[in-house]
Structure formats: C-alpha cells, structure tokens
Amino acid sequence: MKKYLDESLSFEERAEALVSEMTLEEKVYQTLHGAPSIDRLDVKAYNYWNEALHGVARAGTATVFPQAIGLAATFDEDFLEEVAVAVSDEGRAKFNAQQKYGDYDIYKGLTFWSPNVNIFRDPRWGRGHETFGEDPYLTSRLGVRFIEGMQGKDEVYMKVAACAKHFAVHSGPEDERHSFNAVVNEQDLRETYLPAFKACVKEAGVEVVMGAYNRTNDEPCCGSKRLLEDILRGEWEFEGHVTSDCWAIKDFHEFHMVTSTPVESVALAMNRGCDLNCGNIYGNLLKAVKDGLVKEETITKAVTRLFTTRMKLGLFDPQEKVPFYAIDYRVVDCEEHRQLNEKAARKSVVLLKNENKLLPLDASKYKTIGVIGPNANNRKALVGNYEGTASEYITVLEGIQDAVGKEVRVLYSQGCHLCKDRMQGLAEANDRMSEVRAVADASDLIVACMGLDASLEGEEGDEGNEFASGDKPNLNLPGLQEEVLKELAKTGKPVVLVLLSGSALAVTFAEQNIPAIVQGWYPGARGGKAIADILFGKASPEGKLPVTFYRTTEELPDFKDYSMKDRTYRYMNQEALYPFGFGLSYTDFEITQAGLSSETIEAGGQIAVRASIKNVGSCEGAETVQVYVHACVEGAPHYQLKALKKVVLKPGEEREVELIVKDGDFGLYNKEGVKILNACEYEVFVGTSQPDARSIKLTGREPLKYVVKHSGDAISLPE
C-alpha cells in the first residue's frame, strides 16, 4: 500500500508522502486552480474554483438563498450556520454526482471560495452586497458561523472547504482594483479590516484564505510579506492554503509594477506563501526554479498544503469511510431547503418606516392593488451575483398576486427602466409615465418596487454592468425611479415602497413622503413570496440594517480614502437616514430589566450582560438584543457592537438572555496596532438598536446604559 493511502497517518503526513512522489513539473501544475490528473499516482483532476456565497453557484440547479448582505440583516448567527449547512449539503450532493459521472470541471470541486468578509466601508462599492456589512464584529460572528456550517462538525473529515476572502483591506474602487494601492494606518488595519479574517482563521479554522487584487500599503496582497507571512501564518498560525484571486498575480508586473516579468511575479507570490494560482501564470514556476528565484522545496510545501486540503475532504479515502459521500443528490433544491430559503428571506427584510401602521396590509380592505416599478417583476433583483440556478423564481409581483388570489385585482406597470430614461428605444423619454398614472388612479393602494440589481452593482468585469466598474456613482435611485415615486406620492393613495438592492440608497424623498418603506435586499429566488408574507402580515419583519443608510452621497469621504474617519456608524459624525442596527417590527418589545455581572473589567476577564426582553405587542415577532461598548477616551469609536442575540417571542412572552462581553471587546488598538485596555470608563448599552439619537428617535426607545471601569493602568491585551 502506498504511504499516502495509509489512514493511520495524519492528513499532512499523507499529503507529504504523495507530493514526494511527484516530479517538479507535476508539482507546478498542481498549483493551478484547474489541477490536472496524475494518472501514474491515481490522482484525479481537481478544480479548486467553486462558489457558494448564498447557495451553490454557477453549476446548475441549487437553492438560491438571499444575497449575503440580506443574510447579514437577519442579525442571527445561529440561523446563518443553518443556511450554511444547507448550502454545503447541496454542494456535497452535487459533487458526489459530478464525480460519479467523471465531471471535474470548474465549479465542480469542494473548495468553495466563500464567505466574503471584507468590510463594506463605502456604500458605493459594487461588491458590498457580497459581504456581511460594515461592522467588524457582526462580520466576524457571521463569517465564523458560515464557515462552521460549511465545513461541518465531523471529527475526521471536512464536508467542504470554506474560504475567507479577499485578504485584506479590499473594498473598491472596482475599476482600479488591479492597480490600486489601499493605504491604511495600523490602527484602522487592526480595528476594522483584519478582525473578521482573524476570527475566521483562529475561531472557525477556515481552510482557505484568498488574497485580494489590490496592493495594501504598497505590497500586492497576493505577494505581501506583511499580510501572508507576518500576520496570517505568523501571528495567526494559519495552516491551511492560500489562493490568489483570479489572475491577480499577473497584475504584479502588468499594473502594480512591483515586478518586471511573469517569472518574477510568480516567484514573489510563491515565496510569500500563495500556494494556489487562480489562473495559469504559475506555469512560470518551472522557469523561476531554473533561474534560482524559487526553491523547489517552497513549491513542495505549497503543494503539500493543497493536498492536505484534498485529504481532509476525503478525496483519497474509500467513500464508505467518508460520511459526506452519503449525502444524496435529492437534497438539492428539496422542499426543506425551499422552506428554509423563504424563512431566510423573511428574516432578512428590514422595515424602515411604517407611518400610522399602514403595514401589515389587510387584503380585504382593497379591491385593487397597483404594483409599480422596475424591480416588481425583475428576477435579477432577487438573486444578486455569484448565484446558482433556481428551479422556481417568485418575484414581488408574483408574490403579491399569489397572496391576494382572485379576491383582489392586481394591476402592474414596470414604471420605468431600472436606470435608463425609456423602456423602448424608439420611444420618447419616460414612456411609461401615462401607464403609471393609469395604474395609480385605478388602485386603492400602491406597492412601488424600486432599487438596483446586479447589473448596476457588482464586480468589475461582470457582463452587463451598466456602470462598467460595478461601483455606484452615487446613492440615488437610478434612472427615472424617483420621478415615478414622486408621481405616486402625488396621488394621495397609500404607497408602500419596497427596495430591492444590495446596498444603502439615499431615499430621503421616500423617508419624508412615503408612509411605509421596506428594505428587501436581493431576497433569493423565492423572495417575492417572502416579501408578500411580510406585506400581508403572515410574518413580522425582524431584520436589522448591517449598513448605514446615509442621507446624501456628498457627505461620504473620498471613495479611495481607506481611513475610517467619518465612515460607518462607528466613526461618522453626521446623522444617518437609517442607522446601522435599526429595523422596526409589527409588534413592540421592551427590555424590562438588565444588569451586568460586574462593574469592572480586567485583562483576561469578562462580563455577563443579562437582559429580560418582553413582547408587549399584539403579534409574534423576533427581536435582536444588541450590546454596544464605548470607551470614554479621546479618538475612540462612538460605540461598537460587541454582542447580539435573536429572540422569538409570542405576545406577552418574556425571556431572559445572557450575552458575554470579553476584555478584548473593551480594548482598542492604538496607532502602533497594539490592543490596549485603557484605564477609563466604558459605557455599555443594552437595547434593540444602537444608542445614537437617530435610532432613539426612530424607535421611540432608548437603550439602557451602564458604566464599567478599568481602574488600573492601561495594559496591552494578548492577541
């Protein structure tokens, strides 16, 4: 028996034994994402490039869950793991079938390049909807639980390998990502840009980390000594493998100009610890070794890491010994997952405004409902990007039609193009306005469905991006959408605005003039049914904003400035339109009492926050208890989310929850990047939103405030 098949050895030892039998050329070609077979060693071809951001993507039918930003709005880490379990079950089931029929193509492996844990620092960034929002703590918690759900809890094998991307300091601009240098100070690096990656590595044991396209402080991320050697493998002791972003390594000499040739570029990436090349440029490693730029043992180490991952996935063991080979194909798009998908969409909806309790709608009160807007019947606005293929799509229009049945007439107008000034090329501008007026006049109530889709916000190079780069030029509703909305407001009819978008929009007119506003994100393939369930009261909204909704584009700092000054709820000084952590419900909740286990915090210590929350309204609902911490020292963030817990309560029901806040949650990084527990008072806020004035005004509730002290000298905290 060959040594690499000896199951008494560790996966690392087995991988090392297998790689020791390979020639240099064989090893080099195993560093490409499309790794060829090595028939003499019984090594099958394997393609590392696969995607599962919100469901198995780009490989046929799968359950298409809400986009990542929508999942983040659930503010429910337990639920996110449940979704990830379903996604990875489908990923394994599809892989098992693909292997059975000899399909080793791209998007057919078990190394899924998700989640995206970059910080959504600027709402103009086109890929922000792939992330879990603007907050490092929320992103960390959701990233960890997503990875745990994906990789599984088996004591021997991984179900699939997850990947934390894009490491690091990456959030636009998309059109310059191949040449851009993200300049960031040490304090922001540690306080904002690295925590989620650290949690994914240290807590979740993520198997793969992907480098970013850009440079960070002059070093290309896929060849950065600071990021890959010093921090990732040094400080965090990461033992998995590192992959480049796709074709990022050729950017070293073509756009970043830090090397002169492809050979120099591959040498830099490999020597810094980038094990896998998404692309084909690593073929130049043969010449790099010949020229003395890379040692063969460096490549051997990289390939050993890659095969260790494949060993962990059970790809070299008898299928009957690997429990995940028993996952049947029929789990794909099964009824249980469809129900979970609808639940995810309902949980992600954020109710932003509900004047005079217009929502939920009572269908018996309306003879005719007008559904108007470019996203009302837009399948693309359901799914975002990095999506799979659903067996059924339910748009908002279809969801409303199904919800009211034949008892209520539903009139529909697309209203306007999503971003252009006319629907038909030969028509005059605004060619649907007369239809809009006709539908509005004939309706008792209007549901306006506006926003964006992945043709407007997405990744640079995506086919069909209207704005070329995928970034948004501003925060306005594009095209004629606001003009249509203003026309609807003039009618005097009750109007509900449903926004489908992956990012914040400056809907200041709607805030002032439209009685009810619902943020639906990209709610997944069955999202229209879920949104109808919310509109007609079959479920109460429970989502919270994972990003700040600003009032204007003009108040944002320069898009290219990576300083966190004036960015996100933690550092902005202006009042938000709708704040991070905000979201209304159809019922009311009160925190009836709360308390802390201690009024002091010391290094190595923690504080238990206990709170009793009661549903004092008339329907069942879910609420998120949120704990924020503010250090009373100059230059500190206003307050930072440090604990959260989702609670589902029936009317009149009360429950006590306990949340733990650790010493590190009170610590702040100084300008040198050292985490300090300062000798100061700390304010601890316990509530259902952040403690800013705007949230208090919108919710009518003020979080409870407590003071915690660290009375000794300021001390550095271990990482």
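Student: Which residues of helix 6 are called buried?

Tutor: The buried residues of helix 6 are Glu 186, Asp 188, Leu 189, Arg 190, Glu 191, Thr 192 and Tyr 193. Buried means under 20% relative accessible area, exposed means over 50%, and partly exposed lies in between, with a 1.4 Å probe and protein chains only. Helices (H or I, at least four residues) and strands (E, at least two) are DSSP runs numbered from the N terminus. The model is predicted, so local features need pLDDT of at least 70 and side-chain atom pairs count only at pLDDT 80 or more, while totals for chains, interfaces and linings use all residues. Residues are numbered from 1 along each chain as its sequence is written, and side-chain values use heavy atoms, with hydrogens and water left out.

Student: What makes helix 6 largely enclosed by the rest of the structure?

Tutor: Seven of the eight residues of helix 6 (residues 186-193) are buried, and it is therefore largely enclosed. The elements covering these buried residues include helix 5 (136-151), helix 7 (195-202), helix 8 (225-235), helix 20 (568-571), strand 18 (640-649) and strand 20 (668-669); contact means heavy atoms within 4.5 Å.

Student: What caps the N-terminal end of helix 6?

Tutor: The cap is Asn 185, whose side-chain oxygen lies 3.1 Å from the backbone nitrogen of Gln 187. A polar contact is a pair of N or O atoms within 3.5 Å; within protein, one must be able to donate a hydrogen and the other to accept it, and residues adjacent in sequence count only if both atoms are side-chain atoms.

Student: Why is the pairing of Arg 190 with Glu 235 called a salt bridge?

Tutor: Side chains of opposite charge can pair when their charged atoms come close. The term requires a side-chain nitrogen of Lys or Arg within 4 Å of a carboxyl oxygen of Asp or Glu. The closest N and O atoms of Arg 190 and Glu 235 are 2.9 Å apart, and the pair is therefore a salt bridge. Arg 190 in helix 6 and Glu 235 in helix 8 are 45 residues apart, so the pair links distant parts of the chain.

Student: Is Arg 190 buried or exposed?

Tutor: Arg 190 counts as buried because its relative accessibility is 8%. Glu 235 has a relative accessible area of 37%, which means that Glu 235 is partly exposed.

Student: How do you know that Lys 347 counts as buried?

Tutor: Lys 347 has 7% relative accessibility and is therefore buried. Its salt-bridge partner is Glu 542, with closest N and O atoms 2.9 Å apart. Glu 542 lies in the loop between helix 19 (527-535) and helix 20, and Lys 347 in helix 13 (residues 335-348), so the pair ties together parts 195 residues apart in sequence. Glu 542 also counts as buried, at 12% relative accessibility.

Student: How many salt bridges does a search of the whole structure find?

Tutor: The search finds 58 salt bridges.

Student: What makes strand 12 largely enclosed?

Tutor: Seven of the seven residues of strand 12 (residues 445-451) are buried, so the rest of the structure largely encloses it. Leu 445, Val 447, Cys 449 and Gly 451 point one way, and Ile 446, Ala 448 and Met 450 point the other way.

Student: How do you know that strand 10 and strand 12 pair?

Tutor: Two strands pair if DSSP finds at least two bridges between them. Strand 10 (residues 368-372) and strand 12 share four bridges in the parallel sense, so they pair. Ile 372 has Ala 448 of strand 12 as its bridge partner. Strand 12 is also joined to strand 13 (residues 495-500), running parallel, by six bridges, and Gly 451 has Leu 500 of strand 13 as its bridge partner.

Student: Why are strand 15 and strand 19 said to stand at the edges?

Tutor: An open sheet of three strands has the order 15-16-19, with antiparallel pairing. Strand 15 (589-596) and strand 19 (654-662) each have a single partner strand, so one side of each is left without a neighbour in the sheet. Seven bridges join strand 15 to strand 16 (residues 606-615), and Phe 589 stands opposite Asn 615 in strand 16.

Student: What makes a set of residues a nonpolar core?

Tutor: A nonpolar core is a set of buried Ala, Val, Leu, Ile, Met, Phe, Trp, Tyr and Cys residues joined through side-chain atoms within 4.5 Å. The largest such core has 158 residues, and those with the most contacts inside it are Phe 167, Tyr 282 and Phe 666. Helix 4 (residues 77-100) gives the most to this core, with eight residues.
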